[in-house]
Amino acid sequence: MSFELSGKANPLLVAEFDSLMEAVARVQQSHPFRLDAWVALPDRLLCVWTLPAGDMDTVGRWRAIRRPFAGALGPGRVRWRAAEPPRLITGVVDYAESVRQCWFAPVRRGLVSRPEDWLYSSIQQDGMRAA
């Protein structure tokens, strides 16, 4: 699943990375989910989540993340749009490929030559598992 900031060359997701991750952590406490993989690009956030059994409320969680993040930056600085709709991962191979796609996004964008060189990624905590 991914969301992006509207407007070209909007680097707020990496410039305000700590605020973004604080918003994610707060929502994880109030609306539990496991953040399996993520990468913040300058203008896009890509994530692989695991929700509790029977809970499909990705929209509510995104809204709960976006509001405090945008509010912390001040009015009008952040405009979000869905880059692609959430999708259900259908097995181990699909899961591994989704994590890999997430982690390799900075390489595909030409930002780094190796995924582990991008600082704004869960690969920093998780290492190269499943990649």
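One cavity of 30 Å³ or more is found, a cavity being a set of points, on a 1 Å grid over the protein atoms alone, where a 1.4 Å probe fits but cannot get out. The largest cavity holds about 50 Å³ of space, the volume being that filled by probe spheres set on grid points joined across faces, edges and corners. The model is predicted: local features need pLDDT of at least 70, side-chain atom pairs count only at pLDDT 80 or more, and totals for chains, interfaces and linings use all residues. Numbering runs from 1 along each chain as its sequence is written, and side-chain values use heavy atoms, with hydrogens and water left out.

Lining residues, which have an atom within 4 Å of a point, include M21, V24, W38, C47 and W62 for the largest cavity. The lining comprises nine nonpolar residues, no polar and no charged ones; Ala, Val, Leu, Ile, Met, Phe, Trp, Tyr, Cys and Pro count as nonpolar, Asp, Glu, Lys and Arg as charged, and the others, Gly among them, as polar. At least two lining residues come from each of α2 (17-30), β2, β3 and α3 (58-73), and β3 gives the largest share, three residues. Helices (H or I, at least four residues) and strands (E, at least two) are DSSP runs, numbered from the N terminus.

Strand β3 (residues 44-50) is largely enclosed by the rest of the structure, because five of its seven residues are buried, that is, under 20% relative accessible area with a 1.4 Å probe, protein chains only. Strand β2 (residues 34-40) pairs with β3 in the antiparallel sense over six bridges, where pairing requires at least two DSSP bridges. A37 has V48 of β3 as its bridge partner, and three residues separate the two strands of this β2-β3 hairpin.

Notes
Buried < 20%, exposed > 50% of the residue type's maximum accessible area, 1.4 Å probe, protein only. 1 Å grid on protein atoms, 1.4 Å probe; cavity = no way out; pocket = protein on both sides within 12 Å on 5 of 7 lines; lining within 4 Å.
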